[in-house]
Amino acid sequence: MREPLSIRVTTYALLALFVFMVAVPLFWMVTTALKTNKDLYEDFTYLPRHPTVQHFVRVIERDGLLTNIWNSFAVASVTTAVTVVVSAFAAFSIVRYKYRGREWIGRFILFKYVLPTAMLFVSLYAIVVALGLGNTLKSLMLTYLSFTVPFCTWMLMGYFRSIPPELEEHAMASSRRPSSRSPWPGTSSSWRWSSPPTRPR
Amino acid sequence: MTVPIKLSMMVVGDQYIWGQLMAGAVLATVPITILYFLGQRFVVQGLAAGSVKG
């Protein structure tokens, strides 16, 4: 069913506005990078009159920006990898296993998530200096982990809750080899059966 | 030093060397763009799954 014309026109007008708001800064960024200094500072143009890559060459050769991009990339990759592993196991254990203080661990993760980030900067700085990690990339990875792990754990807890435990019970009941039944109720097999639905397909 | 720190250190006082700043910004977005196009399928899927689950 098609909506009336007025609604469609309004929708597309709003979308066009959003595209404009996103695209103009990008356009400005790229054109400014390609302009010569004369075009930038003396007489203004929207499109560069003589597109040049001199700024790119300078920023790579003199300022060595590729090193910085590599650093950013390394920090982001390590943080992501560690976050996925740690928070997947943490969320799974909080949702599926019964042990003392389980609810409170979940609640503290929510508290960390609600706490304003700006409040943590001073104490985080003190901790990083006390660990002797000042001015290193490792300290940045650790700091990011303290933000990302609670968030991802909270998100994954919701997701693991939505997977029926019957899946694991079925796996435990129908496992043929008794050796694959672990001493604790379903430690290995429950992880093996409940983690695949969370993977991207 | 990571990219944001480097770019803000390229501003000296009130002197903005716009050409090089913007060239740096463009270069810094390249890896992100490549990663996004590699994983675009999963981003769309995740958005759909997230919107269903709430």
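Is A:Trp154 buried, exposed or partly exposed, and what is its relative accessible area? A:Trp154 is partly exposed, at a relative accessible area of 29%; buried stands for under 20%, exposed for over 50%, and partly exposed for the range in between (1.4 Å probe, protein chains only). The legends below describe a predicted model, in which local features need pLDDT of at least 70 and side-chain atom pairs count only at pLDDT 80 or more, while totals for chains, interfaces and linings use all residues. Residues are numbered from 1 along each chain as its sequence is written, chains are lettered from A and ligands numbered from 1 in the order in which they are written, and side-chain values use heavy atoms, with hydrogens and water left out.

**View 1. Chain A as a whole.** Chain A holds 9 helices and 0 strands, where helices (H or I, at least four residues) and strands (E, at least two) are DSSP runs numbered from the N terminus. Along the sequence the pattern reads α-α-α-α-α-α-α-α-α. Chain A has 201 residues, of which 28% count as buried. Of the contacts in chain A with a separation of 6 or more, 54% join residues 24 or more positions apart; a contact means heavy atoms within 4.5 Å.

**View 2. Surroundings of A:Trp154.** A:Trp154 sits in helix 7 (residues 137–161) of chain A. Neighbours within four places in sequence aside, A:Trp154 is in contact with A:Gly106, A:Ile109, A:Leu110 and A:Tyr113. A:Gly106 is 48 residues away along the chain, yet its C-alpha atom is 7.8 Å from that of A:Trp154.

**View 3. Interface of chain A and chain B.** The contact involves 27 residues from chain A and 26 residues from chain B. About 2,100 Å² is buried between the two chains, with 73% of it from carbon and sulfur atoms; buried area is the accessible area (1.4 Å probe) that two parts lose on being put together, summed over both. Across this interface there are 0 salt bridges, a salt bridge being a side-chain nitrogen of Lys or Arg within 4 Å of a carboxyl oxygen of Asp or Glu. The chains share 7 residue pairs in polar contact (both at pLDDT 80 or more). A polar contact is a pair of N or O atoms within 3.5 Å; within protein, one must be able to donate a hydrogen and the other to accept it, and residues adjacent in sequence count only if both atoms are side-chain atoms. On the side of chain A that touches chain B, at least two residues each come from helix 1 (5–34), helix 2 (37–41), helix 3 (54–61), helix 4 (65–96) and helix 7. Helix 4 gives the largest share of that side, 7 residues.

**View 4. A:Asn71 at the chain B contact.** A:Asn71 belongs to helix 4 of chain A and counts as buried at 12% relative accessibility. Its side chain reaches the backbone oxygen of B:Met1 at 2.9 Å. Not counting residues up to four places away in sequence, A:Asn71 touches A:Leu137, B:Met1 and B:Thr2.

**View 5. The largest nonpolar core.** This core has 16 residues, and those with the most contacts inside it are A:Ala33, A:Phe56, A:Leu65, B:Leu7 and B:Leu27. A nonpolar core is a set of buried Ala, Val, Leu, Ile, Met, Phe, Trp, Tyr and Cys residues joined through side-chain atoms within 4.5 Å. Helix 1, helix 3 and helix 4 of chain A, with helix 1 (3–9) and helix 2 (18–53) of chain B, each supply at least two residues of the core. The largest share, 7 residues, is from helix 2 of chain B. Leaving aside neighbours within four places in sequence, A:Leu65 is in contact with A:Val59, A:Ile60, B:Lys6, B:Leu7, B:Gly24 and B:Leu27.

**View 6. Salt bridge of A:Arg49 and A:Asp39.** The whole structure has 3 salt bridges over all chains. One of them joins the side chains of A:Arg49 and A:Asp39 (2.8 Å, N to O). A:Arg49 lies in the loop between helix 2 and helix 3 of chain A and A:Asp39 in helix 2, so the pair ties together parts that are 10 residues apart in sequence. A:Arg49 is partly exposed at 40% relative accessibility, whereas A:Asp39 is buried at 2%.

**View 7. The loop residue A:Asn135.** A:Asn135 lies between helix 6 (121–130) and helix 7 of chain A. Although not a glycine, A:Asn135 has a positive phi of about 60 degrees. With a relative accessible area of 84%, A:Asn135 is exposed.
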